Amino acid sequence: SLLNPSHAFHRAKQGMSLGAALSKLALLDHDSDTVFKGPLKVAQKATWSAPVDLATIKRMAEPLDAKVNDILLAAVAGALRHYLQRHDEPTDGVVVRALLPVNLRPLEKAFELGNRFGLVYLDFPVGIDDRIERVLNIQDQMGEIKCSSEAVAAFGVLETLGHFPAELEAQAVQLFSSKASVVMTNVPGPQEQLHMKDCRVQNVMPWVPRAGRIGM
């Protein structure tokens, strides 16, 4: 760092950014107590929609200068709002927060074994009725997240916890999961046709493990 002061300055800025991200993670309140949160049980349900043409999503995103993910996350927020209303649950002032795993592995190392991901939190705007406003809200939140070190900070915490006793690790999982009600992730699907024992694989169904009190 003495030979290259700019590197030291960059590391100092990164340290401050990581410190702010860790503070945000530690001080983040629990989200609202809704029907989406509660003790986990053995019975589970899975559902899926019909395929949606990606070109349609891109056409929706273009006028708003939004990303495909912004549109899809806003659609989920609208679905959660609709579900709450159908079950006579309040939506104004309600915080339904998602836990988003973020891949931190470079593309050239994508096939290495082991997990390397951080976590960020996103508040679904279930209190907003207007669809466009929901997209803009998601867009603003994602913009802030992308400029922060939240995912890296969370990865550092998770990696450190791996060296501690299982009891402490379990407490940390409870802490992370108590702040959210939903796990959201987008994993790229196969880019070419797959076969298994000469049978064509038509669809891939992901199944995300659940932890803490996150029921969705």
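Let's start with Arg134, which sits in helix H4, the stretch covering residues 131-146. Keep in mind as you look around that this is a predicted model. Arg134 is buried, yet it has no salt bridge. The nearest side chain of opposite charge belongs to Asp129, 5.0 Å away, and a salt bridge would need a nitrogen and a carboxyl oxygen within 4 Å. So who does Arg134 touch, once residues up to four places away in sequence are set aside? Its contacts are Ala74, Ala77, Gly78, Arg81, Pro125, Ile128 and Asp129.

Some of those names take us to helix H3, residues 68-86. With 19 residues at 1.5 Å a residue, H3 should span 27 Å, and because its end C-alpha atoms are 27 Å apart, the two values agree. The buried residues of H3 include Ala74, Ala77, Gly78 and Arg81, along with Asp70 and Leu73. Just after H3 comes Asp88, with a positive phi of about 55°.

Now for the inside. In soluble globular proteins, nonpolar side chains tend to be buried together. Here the largest nonpolar core has 23 residues, and Val96, Leu122, Phe124, Val126, Ile138 and Met142 touch the most other members. At least two residues each come from helix H2 (54-61), H3, strand E1 (96-103), strand E2 (117-124) and H4. H3 gives the largest share, six residues.

Take a closer look at Ile138: beyond its neighbours within four places in sequence, it contacts Asp70, Leu73, Ala74, Leu122, Asp123, Phe124 and Pro125. Apart from this core lies another, of seven residues, with Leu99, Tyr121, Phe176 and Ile214 among them.

Terms used: Residues numbered from 1 in each chain as written. Predicted model: local features only at pLDDT ≥ 70, side-chain atom pairs only at ≥ 80, totals over all residues. Heavy atoms only, no water. Helix = DSSP H or I, 4+ residues; strand = E, 2+ residues; numbered from the N terminus. Buried < 20%, exposed > 50% of the residue type's maximum accessible area, 1.4 Å probe, protein only. Lys, Arg positive; Asp, Glu negative; His and termini not counted. Contact = heavy atoms within 4.5 Å. Expected span 1.5 Å × (residues − 1). Core = buried A, V, L, I, M, F, W, Y, C linked by side-chain atoms within 4.5 Å.
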